[in-house]
Amino acid sequence: MPFHRRHRPDPSTADRLLAGRVGADDAPPGYRRVAALLDEAGSGFPEPAGSAAAKTVGAMVTAISGAPAPEIASRRSPMLKKVLAAKTIAVVSVLALTASGAAAATGNLPDSVQDQVAKAAKHVGLNLPHGTERVTGAPCVPATPATDGQPATYAKNRGQYLKQQRDVSAEAFEEAKKTRCGMPVNSDGTPGADEADEAPEAPEAPKDKKPKDHGQPNGGQGNADEAPGAPADNPAGVDTPAGSIDTGSTASDGANSTGAENAGDGSGNAEDHPTPEDHPPADLPTPDGLPGAGS
Amino acid sequence: MTSTPNAQRVGEGFDDVMAAAQTGAEWAVAVLYRSLQPRLLRFLRAQAPALDAEDVAAQTWLEIARGLAYFRGDEDGFQALVFTVARRRLADHRRAVRRRPVDLVGDDNLAGMAGGRDPEAETLARLSGEEAAQLLSELLPPDQADVVLLRVVAGLSVDQVASLLGRKPGTVRVLQHRALRRLARQLGDDL
């Protein structure tokens, strides 16, 4: 075999060889067979068989017709809209809740709304300010009467109004208590504020006296605030500090006259259940000798 | 069966043909199919003679048809797409064959192939195009055969082959250069 130094084709010749643009006669030395093989491999393509071609083309047309329309943007749009709508709603909701919550907490909502919110919040233990709009006008008495160009001013709240009227006279005070003057104006027209919230300080006069309502019949529903230490709260006469007078043997046998009486009918009555003032310490029973014991 | 010197290219009217094919016009689909099916079959048969190239080609075309509405590009791009899908289907078939090995060649056929093929002894002029493509595949390592077949049979450019194989164009040029030198060594002297 004669020695042939095989020519090394440059990139351009290699490209042309592979593209089938170099015939065997034009190929560099040592590459004529290669050129012929590549030329043969890249030419002489037969026409596709008619039946197979028709079958495949028919299947392709069916596949194309059955494929969804290429509306990529429109297919993505609904999902995008949903996501954006949900986000927008969420953001708006959070902002609205935050803003209205802050406004309610600071009492900046419209009065009628503020009253409703405060009323609703009170049910869940939140103490929000009520609206600033109060019941004024007749029959409410203004704090300062109207003058030329200056409208009348009214008490800021129920407490101030009652105090104002109490300073006038006892009759005016009683009349004031019958009105709704100074109460918050609610949308439903009912007093929104609990009167206990804004009740005026207890009148000084009753303070000086023993409360008259103490000892009023309460059907056995004793109230420690109203009658502290009253035996009516503890008909059996046990385990209350005030009722400690009934401890000892009297508690078990019911020999104590007051305890026995209270236990008998179960109703509290200040007349029947003397307060500690009615029983000076000197009269307190002692373990050694209880008044009425054994009688 | 008639043969054409080169696979027919759609040429200037490709955009119109593609637009019509995307709407499902049968004539346009047929034009696209006829322009590439011969190259596709030869490529598949050269790459895997044991496989049913017709079947793989049909699956390739069906997959192309399903995504045809989304295709945007020129004829070269469509050609690259077809061979990209074909290589994917080919890989699937090869995996399937590996899982289910089948003896496709009977003993009778093996008896008639004593001695195997001697490239130097064969006259290249007697080789058909399909046999030439298969010979290329047999003489070259898989990566070089891939490059050469895609360039010669599929008619793709270096850049297209590089993109299809996921390699750099320089790497493709090196591979094709090595393939040519290897073929030159294997095929021997000039004619």
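A salt bridge is taken here as a side-chain nitrogen of Lys or Arg within 4 Å of a carboxyl oxygen of Asp or Glu. Residues are numbered from 1 along each chain as its sequence is written, chains are lettered from A in the order in which they are written, and side-chain values use heavy atoms, with hydrogens and water left out.

**Exercise 1. Describe the salt bridge between A:Glu175 and A:Lys178, and work out how the two residues are placed in their helix.**

Step 1. The closest N and O atoms of A:Glu175 and A:Lys178 are 3.7 Å apart, and this pair belongs to a structure in which a search over all chains finds 10 salt bridges.

Step 2. Both residues lie in helix α7 (residues 170-178) of chain A, and because they are three residues apart there, about one helical turn separates them. Helices are DSSP runs of H or I with at least four residues, strands are runs of E with at least two, and both are numbered from the N terminus.

Step 3. Buried means under 20% relative accessible area, exposed over 50% and partly exposed in between, with a 1.4 Å probe and protein chains only. By these limits A:Glu175, at 46%, is partly exposed, whereas A:Lys178, at 64%, is exposed.

**Exercise 2. Trace the salt bridges that involve B:Asp92 and find the network to which this residue belongs.**

Step 1. B:Asp92 pairs with B:Arg89, with the closest N and O atoms 2.3 Å apart, and it also pairs with B:Arg95, where the corresponding distance is 2.5 Å.

Step 2. Helix α4 (residues 75-99) of chain B holds B:Arg89 and B:Asp92 three residues apart, which means a separation of about one helical turn; B:Asp92 and B:Arg95 are likewise three residues apart in helix α4 of chain B.

Step 3. B:Arg89 is buried at 14% relative accessibility, while B:Asp92 at 26% and B:Arg95 at 40% are partly exposed.

Step 4. Through shared partners, salt bridges join B:Glu63, B:Arg88, B:Arg89, B:Asp92 and B:Arg95 into one network.

**Exercise 3. Determine the surroundings of B:Gln47.**

Step 1. B:Gln47 lies in helix α2 (residues 26-47) of chain B and is buried, with a relative accessible area of 13%.

Step 2. Leaving aside residues up to four places away in sequence, B:Gln47 touches B:Leu90, B:Arg94, B:Ser137, B:Asp146 and B:Leu149, where a contact means heavy atoms within 4.5 Å.

**Exercise 4. Judge which stretches of chain B call for caution.**

Step 1. Chain B has a mean pLDDT of 81, and 80% of its residues reach 70 or more.

Step 2. Over residues 1-6 of chain B the pLDDT stays under 50, and the model has 18 contacts beyond four places in sequence for them. Residues 105-122 of chain B are also below 50, with 14 contacts beyond near neighbours in sequence.

Step 3. Where pLDDT is low, the predicted coordinates should not be read in detail.

Note on methods:
pLDDT = per-residue confidence, 0-100.
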